[in-house]
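Biologist: Hello! Could you show me how to read the place where two parts of a chain meet?

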Amino acid sequence: MPSNETAKSDLPLDLATLSEALDDVIEAGFQRQVQWLGQLVSFGSVRGNEAPCQDWLASEFQARGWLVDQFAIADVPIAGKPGASPAVDVDYAKAMQVVASLPDPDPAHRSLILQGHIDVVPPGAPELWDRDPFQPKVENGFMWGRGTNDMKAGVCEMVFALDALRTLGYVPAGKVFVETVSEEECTGNGALATLERGYRADACLIPESLDHRLLRAELGSVWFRARILGRPGHVLSASRTSNAILAAFEYVADLEELTKTINEEAKQHPWFGHIESPVKFSLGKIQGGDWLGSVPSWCEIECRLSVLPDHPLPMVRQRVLDCISACAKRLSAEKIPDVTWIGFQADGHVFEPGSEAEAVLSRCHRYVMGTELETFSQTATSDTRQYDLYYGIPTLCYGGRGFDSHSPRERTDLDSVKSMTKIIAIFIADWCGLRQISVASG
């Protein structure tokens, strides 16, 4: 099929023709695709429990004839590498990653990484769910359940995009890696492990659910734990003691003030100045004390603070330390709290416009969605920085529509899943080219 002819749609002629065929193929197989997504969501792949999900995916990829590399993060030396975050409270010997390679690529064609994370955040209080978080439900055009939107829908879309092409008798001409990773929700070390294992390409597409918009800039994140000590004693002697749990809220208040200061600075930021208070502070966990009849001697808080692009991580960490030290002095604490960096140490990043990969995606989006591709700045962190910032691989974070990720109302729009499957298939065809195969033999 020619690759340089153009049609009035502004897609190459062969891809416009392919688009029409994809509609029928995706529609015909969509019930099976929804069932497959439901199976994927049914794995409770929270941190430390990703292996069963990855085992299933590896078997699915092998059944498609793809070459599968399944490995643990512990198998790859990532310490000290760009983008590495500290591994705390996790066994990386059990943190499995899967990379599937499609066979027989032509090195003359462009290569592509299709990446999605399968780790999900914990469901939280079960009383807030009206169903088992890992028993997905389809209702009113949505699939509900933990991980449906963030981001197992995206994993499903990239797999079934390749399936749709194969049904039509095509495979990518260039090299394609299908990666399913863990640790996206807390460190990004799963994506880093695939890169350090040697998986590189001319571009990377990560179909996070972004309402069919392209990520232009994102905030980074630092996670930390502060251990606060009090002056314990019997509750009858409370006047001579200091309650570590109550003191913790003084530290939190000062960290919130630090966040306000950074948000004042953000008003002049070229990519985040238009967003009201883009930098977020979160007190995510708190625990302390040992005995109800004693004034608590200790309290630990675990917190998250956003990082603006161009704010170096060492500078942000020092501001946290200075804030905590100043609070300790104000409280006349006997000891400055110990601070441990426990997860994300992620830079903010801007994905500069103008790449050829973005031009191809814009064309595919316009053809399928009928609108120009919008970009936006995200006040959160994704795996995209690992590929684009640290390894120089042009990376597109773009995906479909859904709602309420990280909540009991998490759901993904199944019509959007259908559209995204088509967009990814056309993007693969445009970026990598296609090679015709015998469907009977494939």
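Modeller: Let's start with a term: a salt bridge is a side-chain nitrogen of Lys or Arg within 4 Å of a carboxyl oxygen of Asp or Glu. This is a predicted model, where local features need pLDDT of at least 70 and side-chain atom pairs count only at pLDDT 80 or more, while totals for chains, interfaces and linings use all residues. Residues are numbered from 1 along each chain as its sequence is written, and side-chain values use heavy atoms, with hydrogens and water left out.

Biologist: Which domains does the chain have?

Modeller: Domain bounds come from an automatic or database domain assignment. Here that assignment gives domain 1 (15–218 + 349–436) and domain 2 (220–346).

Biologist: How many salt bridges cross the interface of domain 1 and domain 2?

Modeller: The rule finds one. Separately, Arg225 forms a salt bridge with Asp89, with the closest N and O atoms 2.7 Å apart.

Biologist: How is the size of an interface given?

Modeller: Often as the accessible area lost when the parts come together. Buried area is counted with a 1.4 Å probe and summed over both parts. Domain 1 and domain 2 bury about 1,500 Å² between them, 61% of it on carbon and sulfur atoms. On the domain 1 side, Ser377, Thr379 and Thr381 lose the most area to domain 2, together 30% of what that side buries.

Biologist: How many residues are in contact?

Modeller: Contact means heavy atoms within 4.5 Å. By that rule, 20 residues of domain 1 touch 17 residues of domain 2.

Terms used: Buried area = accessible area lost by both parts, 1.4 Å probe.
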